[in-house]
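Work through the exercises below with the sequence and the model at hand. Each task is followed by a solution in steps.

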There are 2 protein chains.
Amino acid sequence: MKKPTAETVMPPTAGQRGPAEHDRRAQIIEAADAYFRHYGYNKTTVADLAKAIGLSTAYIYKFFDSKQAVGEAICGKCLGIILDELTKIAHAKRPADERLAEMYISIARESERRFFHDRRLHDIINIARASQWQIAKDHQAAVLELILHVVAEGRAAGEFETDSSLFKTCNAVAETFLLVWHPVLLEERLDGLEERAAEISALVLRGLRKK
Amino acid sequence: MKKPTAETVMPPTAGQRGPAEHDRRAQIIEAADAYFRHYGYNKTTVADLAKAIGLSTAYIYKFFDSKQAVGEAICGKCLGIILDELTKIAHAKRPADERLAEMYISIARESERRFFHDRRLHDIINIARASQWQIAKDHQAAVLELILHVVAEGRAAGEFETDSSLFKTCNAVAETFLLVWHPVLLEERLDGLEERAAEISALVLRGLRKK
């Protein structure tokens, strides 16, 4: 199976404009990423960015509506990588319960890594959620899609119960995923994230399996 | 059964001092509660409080270490009421699964009510969690105790499975309770809280029941 890339999984993020394929766009995103990581998203203006890259502010506005649009593109890149990993797990040829359990652990590990080793990116993702950026909603929807895929396959294979509504049940599963990646929850309880992920997934999987 | 009161359920909150029983203490808490609700916790100083009540700042410090100690007492009162309600449900003579389902709905309803009708109190509870006040930890521990009580009874009655670790399983259940009352999660998704609570509790209860 072809490994999906961030581009195949994530739709283009909100607030971009101008020609779709353009080196300048990628260059702006990359420079902004480095700049935000160093100085923080909130403290950076589009003028700061333009100066750092050596472009005019007007030129940046050719590609992005606003600073938020640049932030959404960066979040999209990062969440795209997480989603790639989840997509790979969700489509593996393994029992559905193993795939779901691995999805919890994968999200928990990636969140922990980002929190400890890439704090500025963690902060942007936090802003994206708190400000209800489109990218945060898209990501949540994409994760729900993957859960629906795995649970539907588990039901078809006779592994999972089929009495409850597929959609309601998967919605509830998606909620429990939040517990291992929501930036604010992570900040509150740093210890034992992977252990918590395992406890939660064990309970949820017992809820999914056929009696 | 004697209905437990906030006093019987909640331990005294952190940072209080002076004689335990004292009308002045209750009077300070009540006045501070009204004042915080009107002006907000962050914008109020102990000096503002003292002035509003007609006491000296030094007199307030006879009973409370700090503004936070007053805040913890107010949170304690509010969370004590929620805990009273949960305790009543947890100790009712009904099947364990019905009790747990009602606990989810009760928490969701109370959180929603507070969010829409008592926003300043919601804000103090948010600060208590974010700043890791002792009262927030005590509350989380007290909710876990109630869950342990109900699940242990459900196991003893042959209603719930007994293969998994009681403590790990109840920990996971307590995590899912967060989804319906965490102040930040509430702010992000106001719609359909009770419906979400029902979906989550249905999944969790299937995970608890005996196969």
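**Exercise 1. Describe the area buried between domain 1 of chain A and domain 2 of chain A.**

Step 1. About 1,100 Å² is buried between the two domains of chain A, 59% of it on carbon and sulfur atoms; buried area is the accessible area (1.4 Å probe) that two parts lose on being put together, summed over both.

Step 2. On the side of domain 1 of chain A, the most area is lost by Arg37(A), Tyr41(A) and Gln68(A), together 50% of what that side buries.

Step 3. The bounds are 15-68 for domain 1 and 71-208 for domain 2 of chain A, taken from an automatic or database domain assignment.

The model is predicted: local features need pLDDT of at least 70, side-chain atom pairs count only at pLDDT 80 or more, and totals for chains, interfaces and linings use all residues. Residues are numbered from 1 along each chain as its sequence is written, chains are lettered from A and ligands numbered from 1 in the order in which they are written, and side-chain values use heavy atoms, with hydrogens and water left out.

**Exercise 2. Find the polar links between the two domains of chain A, and the helices on the side of domain 1.**

Step 1. Two salt bridges join domain 1 and domain 2 of chain A (a side-chain nitrogen of Lys or Arg within 4 Å of a carboxyl oxygen of Asp or Glu).

Step 2. Lys77(A) and Asp33(A) form a salt bridge through their side chains, at 3.8 Å, N to O.

Step 3. Helix H2 (23-39) and helix H5 (67-90) of chain A each give at least two residues to the side of domain 1 that touches domain 2; helices are DSSP runs (H or I, at least four residues), numbered from the N terminus.

Step 4. H2(A) supplies the largest share of that side, seven residues.

**Exercise 3. Characterise the interface of chain B and chain A.**

Step 1. In contact are 31 residues of chain B and 31 residues of chain A, where contact means heavy atoms within 4.5 Å.

Step 2. The area buried between chain B and chain A is about 2,600 Å², with 59% from carbon and sulfur atoms.

Step 3. Eight salt bridges cross this interface; in one, the side chains of Glu188(B) and Arg129(A) meet at 2.7 Å, N to O.

**Exercise 4. How is chain B related to chain A?**

Step 1. Chain B is superposed on chain A by a rotation of 180° with 0.0 Å of shift along its axis, RMSD 0.0 Å (least squares on the C-alpha atoms of residues with pLDDT of at least 70 in both).

Step 2. This is the relation of a two-fold axis.

Note on methods. Polar contact = N/O pair within 3.5 Å; in protein donor to acceptor, adjacent residues only side chain to side chain.
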